[in-house]
Amino acid sequence: GYFDINCIVNEDEVYPLEATSRLGQPTAQLQNALQISPWGELMKAIADGKPYDLKCKKGYGVIAFVGTPPYPYANRSNFNSPKGLEILFTEKISKEDLRNIYFEEVSFIEKNDKKRYVVFGKSGYIAHVAGTGKTVNDARKNTYELIKKIVIPKMFYRTDIGLKFIQEDQRKLKKWGWI
């Protein structure tokens, strides 16, 4: 079955840090952006205990969380996120773009031939946005270009995803022979 093992790596060894035996987020969303094989086929093979030839895009993937207040401090006393607020886009969003936006607490509403995405949760947990590319830089660029198309008042996201890998870790892992 599915198993995710996060590790600490040095020149000589790999130390397991944590293990997750379930599809969690944002891992599942990032895998979805990278995976070509249908999920149903993969899950059926896992359930049947059969081998499966998983097909994935070559390269890298980057995913970033998009939130609004009160996240990450949501509690019963400050549930005042913009419930009912429409999510806007700076330009028309393609089907490919939409496949890389993983909304949470957001509903899709179609009324009078107008399609809208509306925040319906109260926690400020809006979406994960993924990008892929031949390099980590390409994946980062694609992720952040897509995020910049999304307009939600008071939205925030980290802008440093993948930077440490680009600036330090990739060189170290290559030098050590891990990649």
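**Exercise 1: the largest pocket**

Solution. A pocket here is an open set of points on a 1 Å grid over the protein atoms alone, where a 1.4 Å probe fits, with protein on both sides within 12 Å along at least five of seven lines; lining residues have an atom within 4 Å of a point. Points are joined across faces, edges and corners, and the volume is the space filled by probe spheres set on them. The model is predicted: local features need pLDDT of at least 70 and side-chain atom pairs count only at pLDDT 80 or more, while totals for chains, interfaces and linings use all residues. Residues are numbered from 1 along each chain as its sequence is written, and side-chain values use heavy atoms, without hydrogens and water.

Next, the lining. It consists of 26 residues, and Asn 6, Cys 7, Leu 30, Gly 61 and Phe 165 lie nearest the centre of the pocket. Two or more lining residues come from each of strand 1 (4-9), helix 1 (27-34), strand 3 (60-67) and helix 5 (163-176). These elements are DSSP runs numbered from the N terminus (helices H or I, at least four residues; strands E, at least two). Strand 3 gives the largest share, 6 residues.

Last, the classes: 17 lining residues are nonpolar, 6 polar and 3 charged. Ala, Val, Leu, Ile, Met, Phe, Trp, Tyr, Cys and Pro count as nonpolar, Asp, Glu, Lys and Arg as charged, and the others, Gly among them, as polar.

**Exercise 2: the second largest pocket**

Task: which element gives the largest share of the lining of the second largest pocket?

Solution. The volume of this pocket is about 300 Å³. Strand 4 (86-89) and strand 7 (114-119) each give two or more residues to its lining. The largest share, 4 residues, is that of strand 4. By class, the lining has 7 nonpolar, no polar and 5 charged residues.
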